[in-house]
Amino acid sequence: MHTIDNPKPHVIPEGQNATPLEVVGATASDKLIIIMVGLPGAGKTFVSKRICRYISFFHDIPSQIFNVGDYRRQLCGVKLPASFYDPNNTEGLASRHKACDAALDDLVEFMKKDGVRLAVYDASNSLKDNRSRIAERLERENIGAKKLFLETIVDNKTMLEENIRTVKLSTPDYKGVDPDQALKDFMERRKNYSKGYTSVQDDEGSYVRIINYKKFEILNVRGYLPLKVVHFIMNLHTLPRTFYFTRHGQSEYNLLGKIGGDSGLSHNGLEYARRLAKFAKEVIGTKTITDEQTGQTMSVKRPARLWTSTLVRTKETAKFIEHEEFTSVWDNGDKTSWVQFRPNARRNLDELYAGLCDGMTYKEIEEIFPEEFEARQNDKLAYRYPRGESYMDVTLRLEPLAHDLERTREPLLIVAHQGILRILYAYFMGLSRAEAPYVKIPLNHVIILTPHAYGCHEERVCLMPKEEMISDGQDEPITSMPEKKTRVSTAPSTTTSSSSHDDPVMDAPSC
């Protein structure tokens with residue numbers, strides 16, 4: 001009988017044969033149509049996109065947004081004057097109604113398809129008569145879907161102007177237009193939409209009202225899917241935020257080509273940990289401000305968060321990060337005592353559990369479990385290690401973290417594992433579940449993600465090049481498991497390093 005050399009196994013509290021981190025899920029069988037309500041600039045499209053992304057990625061429920069603005073641009077063109085949106089402009093009103101009807105027609109056809117459960121009708125819908133007309137149409141079509149009005153109200157002047165400048169002025173309607181002139185035109189458009197505006201009333205049915213992304217009013221929302229949506233949107237906000245993803249430093253098992261386990265860091269891994277601590281202090285935990293009177297710039301501390309997994313290699317990677325205490329001011333004006341990068345070890349972030357293969361090399365897996373080796377190559381997303389996990393299992397246990405990530409306002413550094421970061425990266429970058437297992441998350445890199453209303457900006461920073469890792473003459477670690485050429489490709493990225501594909505050092509083995 002073959003003996004596996006695994007002196008430092010990854011032990012789970014539930015026992016060898018248990019499923020790690022028990023996840024109890026339910027299958028959504030109900031259909032839901034969300035009807036957005038709100039003036040321009042209130043974040044309706046942002047909310048719509050976050051809802052559909054969350055539901056489709058973590059719950060695998062087909063969903064689609066039907067944005068009336070897109071239909072209007074196709075029918076009428078872009079860069080229309082604010083007067084086009086004046087309710088007294090009969091020609092403009094007729095054109096907008098045509099766009100609304102076209103979007104609604106497509107939504108109805110979409111919801112009649114098998115397996116489809118969620119659609120979002122993204123428009124201002126500022127008049128009660130218009131909302132009644134939409135509700136009556138959906139009732140006639142007998143789709144069998146629940147209806148939920150989702151109203152967004154932003155009456156905070158600072159928040160409104162920030163939303164408009166960062167989101168709306170970059171849309172096709174204002175491409176190439178002077179920012180100040182575009183802002184003036186957009187505010188005039190908003191003023192036209194506000195004529196006759198009526199908030200959703202209790203007699204219209206179930207609704208959620210978001211006020212300045214701080215206050216929430218909810219009426220008569222029932223059902224698995226509607227409540228999932230409500231719980232999620234209560235974590236949303238429009239403030240800018242940045243995530244910093246990094247794998248742990250090179251581990252002892254990385255050097256041996258072993259997957260999983262709970263080993264500590266190698267010499268190179270500890271050096272990366274020191275460089276990460278410096279990066280965290282000087283980049284993540286610092287911001288540059290400009291003195292309004294003198295015009296001079298200066299660097300000041302900014303509150304930042306730190307998450308790791310519960311495994312030794314991520315905790316050791318974060319152990320040199322300083323935890324300075326200072327006074328911080330929240331966005332609501334409250335002052336608090338803040339501990340910079342307070343350690344927060346989260347078991348949801350533990351690496352995909354390899355079960356019986358924990359602590360083995362891929363060569364050993366191929367020799368001892370040839371059928372498992374082949375099965376994983378054929379379907380990396382759904383493949384589950386014997387008595388272990390699959391990428392789909394890990395996606396389920398990461399779902400609660402999506403709420404925390406959306407809620408976070410401060411810069412967040414996550415020190416985790418390749419399998420985990422692949423899924424989180426795919427979620428924010430708009431990749432499918434099938435693409436997630438093939439995302440490159442090399443060692444010694446920090447991946448900087450900055451989500452925005454229409455996507456996510458990415459930057460990659462290498463803190464320790466491969467040449468420095470192998471300068472001591474050590475052998476390169478065994479490469480990760482070979483992948484079939486039929487794998488899907490990932491989205492292009494902006495990078496400040498030059499790590500090559502399938503690099504045996506930087507792409508050290510992971511589950």
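Predicted model: local features only at pLDDT ≥ 70, side-chain atom pairs only at ≥ 80, totals over all residues.
Start with the chain as a whole. The chain has 511 residues, of which 51% count as buried. Its secondary structure comprises 15 helices and 15 strands. Take the contacts with a separation of 6 or more. Residues 24 or more positions apart account for 74% of them.

Now the helix pairs. Two packed helices are described by the angle between their axes and the distance between the axes. Helix 3 covers residues 90–111, and helix 4 covers residues 128–141. Their axes come within 11 Å and cross at roughly 30°. Angles under 35 degrees count as roughly parallel, so helix 3 and helix 4 are roughly parallel to each other. Their crossing is right-handed. On the helix 3 side, the contact uses H97, D101, L104, D105, L107 and V108. Helix 4 supplies N130, R133, I134, R137, L138 and E141. By class, that contact has 5 nonpolar, 2 polar and 5 charged residues.

Next, turn to helix 13, residues 391–407, and its partner helix 14. Here the axes come within 10 Å and cross at roughly 55°. Helix 13 and helix 14 are therefore oblique to each other. This crossing, too, is right-handed. Helix 13 contributes Y391, V394, T395, R397, L398, A402, L405 and E406 to the contact. From helix 14 come G419, I420, R422, I423, L424, Y427 and F428. The contact of helix 13 with helix 14 has 10 nonpolar, 2 polar and 3 charged residues.

What about the interior? In soluble globular proteins, nonpolar side chains tend to be buried together. The largest nonpolar core in this model holds 78 residues. Within this core, I51, I233 and I414 touch the most other members. Helix 14, residues 418–429, gives the most to the core, with 9 residues. Back in the largest core, look at I233. Leaving out residues up to four places away in sequence, I233 touches V47, I51, L150, V208, I210 and F216.

R72 lies in helix 2, residues 68–76. Is R72 buried or exposed? Its relative accessible area is 7%. Buried means under 20%, so R72 is buried. Beyond residues up to four places away in sequence, R72 touches G77, L80, F84, Y85, A99, D173 and R189.

A102 belongs to helix 3. At 25% relative accessibility, A102 counts as partly exposed. The C-alpha atoms of A102 and V68 are separated by 8.2 Å. Along the chain, A102 and V68 are 34 residues apart.

Finish with backbone torsions. Most residues other than glycine have a negative phi. N220 is not a glycine, yet has a positive phi of about 55°. Where is N220? N220 sits in the loop between strand 6 (215–219) and helix 7 (224–233). With 46% relative accessibility, N220 counts as partly exposed. R387 has a positive phi as well, near 60°. The loop between helix 12 (370–378) and helix 13 holds R387. At 44% relative accessibility, R387 counts as partly exposed.

Note on methods:
Residues numbered from 1 in each chain as written. Heavy atoms only, no water. Axes fitted to C-alpha atoms, helices over the stretch in contact; angles between N-to-C directions. Helix = DSSP H or I, 4+ residues; strand = E, 2+ residues; numbered from the N terminus. Parallel < 35°, antiparallel > 145°, perpendicular 65-115°, else oblique. Left-handed = near helix turned anticlockwise from the far one by under 90°. Contact = heavy atoms within 4.5 Å. Nonpolar A, V, L, I, M, F, W, Y, C, P; charged D, E, K, R; others polar. Buried < 20%, exposed > 50% of the residue type's maximum accessible area, 1.4 Å probe, protein only. Core = buried A, V, L, I, M, F, W, Y, C linked by side-chain atoms within 4.5 Å.
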